[in-house]
Amino acid sequence: MSKEKKLAKKEIKAAKKAAKLEKSQSKQYNKLVKKIDKKNAKAEKKASKKGKPFVPTPIPTQEEAFAVTSGSKVKKIILMIILILLIWFLVYFFYMFYTYVAPPAKNEEETSQSEMAEYDRYKNPHKITTTPDYSISDAKAYLKQVLHDCYRDLGYTYDPSSGPISYTSNVININNEDCYVFNAGGRTYAVSVKLKSAYVNSNGEYKPITFRDTDYLFY
């Protein structure tokens, strides 16, 4: 079947459907007009008996009549949906209300025993942390940074941190701290194994090096 024939067939079906709808609407419209005429006739008689002016109910056109009825149908459908939801909510509420069962009350002894059984002695999951002992290479890097930051305070005219720093294989105790001993820049230095402080040997006495708000870099 060609496209033209299919379109013609669809148009014929649409025309028949429209004609059927028009015929149905015209019948309904005629009934509405008769109903309004009957109502106006009764109202006119009553008004004439009472000596009051008669105001007839206007008869709408066919388009106006079906526009009003279609709007009222939509409103009815919306109201019906709201009513169904309200009924469902009430049914659900009463069902839950009558089927609810309160939990059984516990005796004080049972409650206290169960509560005591739930608690165990506290155990700290974390290990006690202390400042670790750093390696010789870490202490050497620490001393290198100290020399770089404080070489003028130590009396150098150059930066000795770029020169060799050798570990003497000695560990001495200064101020109750074990310290690695190094040679650098023609002097002897001691660095705490915990990297808390650095000392310079001056005439056989180890003196702490004063730092000027420096950050200790490890590289």
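**A working chat on a predicted chain**

Visitor: Which strand holds Ser169?
Guide: Ser169 is found in strand β1, residues 165–174. Helices (H or I, at least four residues) and strands (E, at least two) are DSSP runs numbered from the N terminus.

Visitor: What should I know about the source of these values?
Guide: This is a predicted model, in which local features need pLDDT of at least 70, side-chain atom pairs count only at pLDDT 80 or more, and totals for chains, interfaces and linings use all residues. Residues are numbered from 1 along each chain as its sequence is written, and side-chain values use heavy atoms, with hydrogens and water left out.

Visitor: Back to Ser169: what is its phi?
Guide: Phi of Ser169 is near 65°, which is a positive value in a residue other than glycine.

Visitor: Is Ser169 buried or exposed?
Guide: Ser169 counts as exposed because its relative accessible area is 58%. The cut-offs are under 20% for buried, over 50% for exposed, and partly exposed in between, with a 1.4 Å probe and protein chains only.

Visitor: And Asn203, what is its phi?
Guide: The phi of Asn203 is near 55°, a positive value in a residue other than glycine. Asn203 lies in the loop between β4 and β5 (205–208), and a relative accessible area of 80% makes Asn203 exposed.

Visitor: How many helices and strands are there in the chain?
Guide: The chain has four helices and five strands. Along the sequence they follow the pattern α-α-α-α-β-β-β-β-β.

Visitor: Where does Lys38 lie?
Guide: Lys38 lies in helix α1, residues 3–50. Lys38 is counted as exposed because its relative accessibility is 57%.

Visitor: What share of the residues is buried?
Guide: Buried residues make up 18% of the 219 residues in the chain.

Visitor: How many residues has the largest nonpolar core?
Guide: The largest nonpolar core has 20 residues, and those with the most contacts inside it include Leu143, Phe182 and Ile209. Such a core is a set of buried Ala, Val, Leu, Ile, Met, Phe, Trp, Tyr and Cys residues joined through side-chain atoms within 4.5 Å.

Visitor: Which elements give two or more residues to this core?
Guide: They are α4 (136–150), β2 (177–184), β3 (187–192) and β4 (198–202). The largest share, six residues, comes from α4.

Visitor: What about Leu195, buried or exposed?
Guide: Leu195 counts as buried because its relative accessibility is 12%. Leu195 lies in the loop between β3 and β4.

Visitor: How far apart are Leu195 and Tyr180 in space?
Guide: Leu195 and Tyr180 are 9.8 Å apart, C-alpha to C-alpha, and 15 residues apart in sequence.
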